[in-house]
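User: I'm new to this one and would like a walk through it. Can we start with the terms and then go place by place?

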Amino acid sequence: MAADSVLAGDYRVSLPSHVPNTMYDHAEPVNLPELLQTADGRKITSVAEWEGRRKELLAYFTRNVYGERPVERPADLKFEPVEADRDFPEIQAVRKRVRISFSGPLGAWQFEACAFVPKSASATKRVPAFLLICNRSLEKFADIDRKVKSGFFPVEELIRRGYAAVMFKNTELAQDRYLPTFAADGTAQIADPSFETGFYACWAKARTETSWGAISAWAWGASRVLDWLETVPAVDATRVAVVGHSRGGKTSLWAAASDSRFAMACVNDSGCCGAKLNHVAVSQSETIQQDNNNNPHWFARAYRQFNGRDFVLPYDQHWIAALIAPRLLYIASASQDPGAGPWGEFLTARYASPAWELYGKRGLVENHPYRIEDPYLEGCVGYHLRAGAHNLDHYDWARYMDFADRAFAVPPTR
């Protein structure tokens, strides 16, 4: 699919002449592609027109950014308990562990998911849930035995606030962090992931230009966990928020964009190729070429056509964020995280918002200046800038729950 078959305009133009020199220079976007406009330049003014455009964009981003999936829900998808449910009386929760298995024409695969459900929940009193795509060590950051507590997956806080806490490890599906090899001249190269063995090999033995990458594979895994949650009587699968940090944030954005069953996406410190707008100069933030060079397994090979074109893309990340409308979207940044480009992440929240307005809803409600730890919580698009470095912690989770409480009709904290 050629870029100009779906996207309007010529993206091979010159870069802006002024580049601010700090991440705190609140520059405005340059040549930002119009969101509510068709490829032939017509203005989109109705939900019906947007829904048609949304299908076009979803297909475009699938083929040119994230890669094409060989299957959505496998016909033989199974959910088998890993062990009997375990009671955690100290937090008034029950832990459920499940093995999710499936096969393709060339092989079979499985991975685990874990859910902590409030003991007060039942089939007649179902609770909403937060689903974390965990891209860190389970032992240190998401200990399912709760011997090690971490703000990365604060089970106790989620249970206390009336939510189920759900998690799976991303690398139980597609591998991450491929090691570089070094040429004779000392230059480093990172090879594409192998399709000969492992998760991808269930469906194909070779990677093509449009084969799915790890971001899409992990998002696909989140959808399979949601399939499981639909079978858990005490969980309301219509009120599930998918959460990710860093590359996991890039994943939670695409998970909610590509699977409309997710009621909310929490996109934490996701940076370039996540929630950060590209058409704005934000000093020190990562680039498309850096992501493709350092992590060639994250996206489809086709995404490399945009290397070096960050400022002149025919689209931008606010388009991908807008695919989540009219559901809930929360984007979060950290004040000491220049690589993620916090100001650019905020701008995506701002410029995606017109999609929600088509549905008669409010997107980002900017009712105060942009500043540290003064969140925007009133619309269907939320945002905050947390004090601190690149991380997912208690402050982030508390704001996500605050935002979800109103929409998910969760009673106030006991």
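Analyst: A term first: a residue is called buried under 20% relative accessible area, exposed over 50%, and partly exposed in between. Also, this is a predicted model.

User: Where does Arg86 fall, buried or exposed or partly exposed?

Analyst: Arg86 is partly exposed, because its relative accessible area is 35%. Its place is in strand E2, residues 86-88.

User: What is Arg86 in contact with, leaving aside neighbours within four places in sequence?

Analyst: Arg86 is in contact with Ala93, Val94, Arg95 and Asp145, once neighbours within four places in sequence are left aside.

User: Switching to helices. How many residues of H10 are buried?

Analyst: 11 of the 15 residues of H10 are buried, so the helix is largely enclosed by the rest of the structure. Among the buried ones are Tyr395, Trp397, Tyr400, Phe403 and Phe408.

User: What covers them?

Analyst: The cover over the buried residues of H10 includes strands E5 (127-134), E9 (235-245), E10 (264-268), E11 and E12 (381-386), along with helix H3 (155-160).

User: What span should H10 have, and what does it have?

Analyst: At 1.5 Å a residue, the 15 residues of H10 should span 21 Å, and the end C-alpha atoms are 20 Å apart, which agrees.

User: What happens at the start of H10, and what follows the helix?

Analyst: At the start, a side-chain oxygen of Asp393 comes to within 3.0 Å of the backbone nitrogen of Tyr395. After the helix comes Ala409, with a positive phi near 55°.

User: What does the side chain of Asp405 join up with?

Analyst: The side chains of Asp405 and Arg161 are joined by a polar contact of 2.8 Å. Not counting residues up to four places away in sequence, Asp405 touches Tyr163 and Val410 as well as Arg161.

User: How does H4 look for length and cover?

Analyst: Helix H4, residues 214-229, reaches 23 Å from its first C-alpha to its last, close to the 22 Å expected. As for cover, 16 of its 16 residues are buried.

User: Which elements cover the buried residues of H1?

Analyst: They include H4, H5, H7 (317-322) and H9 (354-358). Among the buried residues of H1 are Trp50, Arg53, Leu57, Phe61 and Tyr66. Just after H1, Gly67 has a positive phi of about 100°.

User: Where is Asp269, and what is its phi?

Analyst: Asp269 is in the loop between E10 and H6, with a positive phi of about 50° although it is not a glycine. It counts as buried because its relative accessible area is 1%.

User: Which residues does the cis peptide bond join?

Analyst: A cis peptide bond joins Ala325 and Pro326, with omega about 5°. Pro326 is in the loop between H7 and E11.

User: Last one: what does the side chain of Ser335 reach?

Analyst: The side chain of Ser335 reaches the backbone nitrogen of Gly388 at 3.1 Å. Ser335 is in the loop between strand E11 (328-334) and helix H8 (342-352), and it counts as buried because its relative accessibility is 4%.

Methods. Residues are numbered from 1 along each chain as its sequence is written. This is a predicted model: local features need pLDDT of at least 70, side-chain atom pairs count only at pLDDT 80 or more; totals for chains, interfaces and linings use all residues. Side-chain values use heavy atoms; hydrogens and water are left out. Helices (H or I, at least four residues) and strands (E, at least two) are DSSP runs, numbered from the N terminus. The expected span of a helix is 1.5 Å times one less than its number of residues. Buried means under 20% relative accessible area, exposed over 50%, partly exposed in between (1.4 Å probe, protein chains only). A polar contact is a pair of N or O atoms within 3.5 Å; within protein, one must be able to donate a hydrogen and the other to accept it, and residues adjacent in sequence count only if both atoms are side-chain atoms. Contact means heavy atoms within 4.5 Å.
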